[in-house]
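Trainee: I'd like a close look at one part of this model, please. Take your time and walk me through what surrounds that part as well.

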Amino acid sequence: MPLTKTSSHLLSPQAVTELLERRSAIYSDRPSLIFGGELVGYKDTPPMIRYGERHREHLGQWRAMEERHMHGFLRDILRTPEEFLHHVRRVVASIVFRGGRGPRALSLRHNPDLQVTCHLSPGIAWLTREYTVRYIPAWTGIGFMQDAKRFNKIMVAIRDEPYDMIKRKMAEGAAKPSFTGSLIERDANPSIEQELIYKWTSSVSSISSFFLALSSYTDVQKRAQEELDRIVGRDRLPSLEDRPNLPYLEAIVQEIHRWNPVAPVALPHRVQQDDVYRGLHIPGGAIVMANSWAILHDEALYPSPDKFMPERFLGDVKDLNPDPRRFAFGYGRRVCPGRDLADDTLFICVAMTLAVFDLRRDDTAVEYTPALICHPVPFRCSITPRSREAQALVTEGK
Ligand code: HEM
């Protein structure tokens, strides 16, 4: 564990558990990020605010709404399968901040900058101590300052537009049920709710990974479809209630969280006072990064870590293959409050999609954008209905 005044990298489950979880009272602050925080506009979002400034709320259960949106997603895919990545973005946006689907989600269509977080390469986002960068005007033409200005504009639009629309509709009594709407109802103070929407890109990434993995590993796909046919049958779509009876699908969801984690180094934690871990002095103010990717790809914990192998979670070997959700959603008091929503959304997407579609890819390349939040590089994937009956389930809906 290399330690410096400014940053420490935790590479083992023991270190993240001991420091970020057991000692979370002092390891839950965030450092201030100049580029990714202030300049781009993430500064006052829940992931970036200093510890103790605001209280987080846990997300509620949204099963029926998730299933309804996911069914709409299947219809979209049936109509224009080649646009599946766009449909993924829209369904996640719909689940997080709107009950209905319509022009606002569509207005973001084909906007490459939507993947704003992809561009926050760790190198740039880590300009935490370079306070001078804040004062370099964009007109100097220095690349990242222009990027910051452009990203900031998009961030403000992504942040404010859907939220303002839901608020307006609620005032008119015309709002459909949505996650954001329910939060507004509970607390009229907009700060937390408004900003929760930032994170929906994380779920987009994990659902895109599902399409990438399952279209490449067709043997996994076949086994999942066999389980779905046996347990759910072919005359209805699966629901979240089926989840406990679908262990192989559950294992696929875990493997997606592990294989290419959305947030490979989680988000930085800042220790608030001097501390000692295994004889090492950790100075107050140090930035502590948990390298979740390294843990989730540790050969000693997950044998053949680069392979997409859901069956690793079906065995019961002590100390092997721990549930990756322990690491993929972050740590201690800053753990992701959207984890249940995100995990359910991923499960129902995997189950419904595989129940009715076959996925196939000729290309086997697996490439991700290097960033704080990683996405698969856009790829092609053929998506076809499994049968006439499956197609009818999508169009008629049961
Ligand atoms: C697969 C999907 C997702 C993954 C893998 C994920 C992962 C993470 C990670 C690693 C963190 C940092 C935790 C830490 O600092 O230790 C985080 C924070 C956060 N996530 Fe998620 N997330 C996902 C989806 C969501 C969704 C759908 C929402 C909201 C609707 C959400 C809301 C948040 C918020 C508000 C924080 C900041 C918490 C804090 O700093 O106290 N996330 N997430």
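Trainee: Where is the place of Cys336, and between which two helices does that loop lie?

Mentor: Cys336 sits in the loop that runs between helix 14 (325–328) and helix 15 (339–356). Before we go on, keep in mind that this is a predicted model: local features need pLDDT of at least 70 and side-chain atom pairs count only at pLDDT 80 or more, while totals for chains, interfaces and linings use all residues. Residues are numbered from 1 along each chain as its sequence is written, and side-chain values use heavy atoms, with hydrogens and water left out. Helices here are DSSP runs (H or I, at least four residues), numbered from the N terminus.

Now for what Cys336 does in the model: its SG is the only protein donor of the ligand's iron atom, at 2.3 Å. Donors are N, O and S atoms within 2.8 Å of the metal (3.2 Å for Na, K and Ca), and since water is not among the atoms, sites may look incomplete.

Follow the chain on into helix 15. Helix 12 (residues 247–259) packs against helix 15 at an angle of about 125 degrees, with the axes 10 Å apart. Those axes are lines fitted to C-alpha atoms over the stretch in contact, and the angles run from 0 to 180 degrees between N-to-C directions. From helix 12 the contact takes Leu249, Glu250, Ile252, Val253, Ile256 and His257, and from helix 15 Asp343, Leu346, Phe347, Val350 and Ala351. Contact means heavy atoms within 4.5 Å. Sorted by class, that makes 8 nonpolar, 1 polar and 2 charged residues (Ala, Val, Leu, Ile, Met, Phe, Trp, Tyr, Cys and Pro are nonpolar, Asp, Glu, Lys and Arg charged, and the others, Gly among them, polar).

Helix 12 has another partner, too. Its axis and that of helix 11 (residues 218–231) come within 8 Å, crossing at roughly 140 degrees, so helix 11 and helix 12 are oblique as well. Here Val220, Arg223, Ala224, Glu227 and Leu228 of helix 11 meet Pro247, Tyr248, Leu249 and Ile252 of helix 12.

One more pair of helices for contrast: helix 3 (residues 63–79) and helix 16 (residues 388–396) have axes that come within 8 Å and cross at roughly 120 degrees. Helix 3 and helix 16 are therefore oblique to each other. His71, Leu74, Arg75 and Leu78 of helix 3 touch Gln391, Leu393, Val394 and Thr395 of helix 16, giving 4 nonpolar, 3 polar and 1 charged residues.

Terms used:
Angles under 35 degrees count as roughly parallel, over 145 as roughly antiparallel, 65 to 115 as roughly perpendicular and the rest as oblique.
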